[in-house]
Amino acid sequence: LWQLPTTKDVFALGINLSFSPVTHFLFDHPKPMPRGPASLPSAAVVAVVAFLAARHYGSGSTADYGVVPPWPVYSLRTTVSSFLHRTADALVPPANKLLSRAFDLNQLIATYCCGKLGWPDVLSKGVQSGKHLAEHANMSKLMTRRLLRACVAANIFHEVGGSRDDVDDDDRLYVNAPMGEALREDHPYHIKFFIQHQIEDFGPALLQFWNAVRNDSLLPFSLAHNYPHNVRAVWDYYQDRPAQGLQFIKAMKCIDVRGTAPLLHDFPWEARCKTVIDVGGGRGSFLSHLLRTYPGLRGVLFDLPSVIE
């Protein structure tokens, strides 16, 4: 949706999605569902919702994703979102879905690399050339071009003017796409550190999962990082590697910020509590929000010494 440049294109997408209301028939039966004018109202609804979503999120908006809207709005949005996901899912053959999942790892690695290099932060200042990004990362021209192509394919960056064969790699211009904006460290809802945590800490463990499946006395994380096979392995790992431990705390903050607002307002804190103990609360991200919202409460932050210190 984010790539559709005009209202006309968005409306056309809505019509294409809505002409087959039971879209799984496209692949479960030899003949598609008949098309007809009865689908136009639903096409209009899909087009309007898609257009509003593209307008809001397509610019890399920093709107407060953690705030839950009024119930009727939330219910309608959830229903329409579910319909769009189910419709899009039904349009893709199962084998193609599996193939897409296999390639998702490639896009995740490209996303991790560009975030680690700080390119989204550089592009937050505006359009930049491939040469400038290569100099910033101290990378060769060849590897810069390869990574930038992968990031464009993953919709992390946009190449200004499109990919043209008559333009030298150094002179190609790039800008953040909406997902690239969400990798900037100054974005209030960025996800950069969570991706780095997943790749660096749990990525190697995933490669050991097969060995653990064959032997339930083994833990994938312990195999990957050479720690004893017990539940303390993860915490010992972070204690021995303070930089990774700090990154883990930042990664959890990336997740916490998305659910803080509903958690603050959906529970009767003042009516039920005088003191709140946040066990495993990290640096106190949630607890600080709670005490600012309800200054009459008392808060206790409880975590490992290495985290608190």
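The sulfur of Cys114 lies 3.9 Å from that of Cys151, the closest cysteine sulfur, which is too far for a bond. Buried denotes under 20% relative accessible area, exposed over 50%, and partly exposed the range in between (1.4 Å probe, protein chains only).

The model is predicted, so local features need pLDDT of at least 70 and side-chain atom pairs count only at pLDDT 80 or more, whereas totals for chains, interfaces and linings use all residues. Residues are numbered from 1 along each chain as its sequence is written, and side-chain values use heavy atoms, with hydrogens and water left out.

Salt bridges were assigned where a side-chain nitrogen of Lys or Arg lies within 4 Å of a carboxyl oxygen of Asp or Glu. By this rule the count is twelve. One of them joins Glu181 to Arg184 at 2.4 Å, N to O, and both of these residues are buried. Glu185 pairs with Lys192 at 2.8 Å, N to O; here Glu185 is partly exposed, with a relative accessible area of 42%, while Lys192 is buried at 6% relative accessibility. In the salt bridge between Lys97 and Asp89, the closest N and O atoms are 3.1 Å apart. Lys97 is partly exposed, with a relative accessible area of 27%, and Asp89 is also partly exposed, at 42% relative accessibility. Arg145, Glu159, Asp169 and Arg172 are linked in a network of salt bridges.

Asp278 is buried yet has no salt bridge, the nearest side chain of opposite charge being Arg292, 12 Å away. Asp278 belongs to strand β4, residues 275-279. Strands are DSSP runs of E of at least two residues, and helices are runs of H or I of at least four, numbered from the N terminus. Leaving aside residues up to four places away in sequence, Asp278 touches Phe286, Leu287, Val300, Leu301 and Phe302, contact meaning heavy atoms within 4.5 Å.

At the surface, Leu105, Leu108 and Ile109 form a nonpolar patch with about 240 Å² of accessible area together. Ile109, located in helix α5 (residues 94-117), is partly exposed, with a relative accessible area of 35%. Patches comprise residues with over 30% relative accessible area and no salt bridge, like charges being joined within 9 Å and nonpolar side chains (Val, Leu, Ile, Met, Phe, Trp, Tyr) within 5 Å. Accessible areas come from the Shrake-Rupley method with a 1.4 Å probe; for residues, only the protein chains shown count as cover.

How values were computed: Lys, Arg positive; Asp, Glu negative; His and termini not counted. Disulfide = S-S within 2.5 Å.
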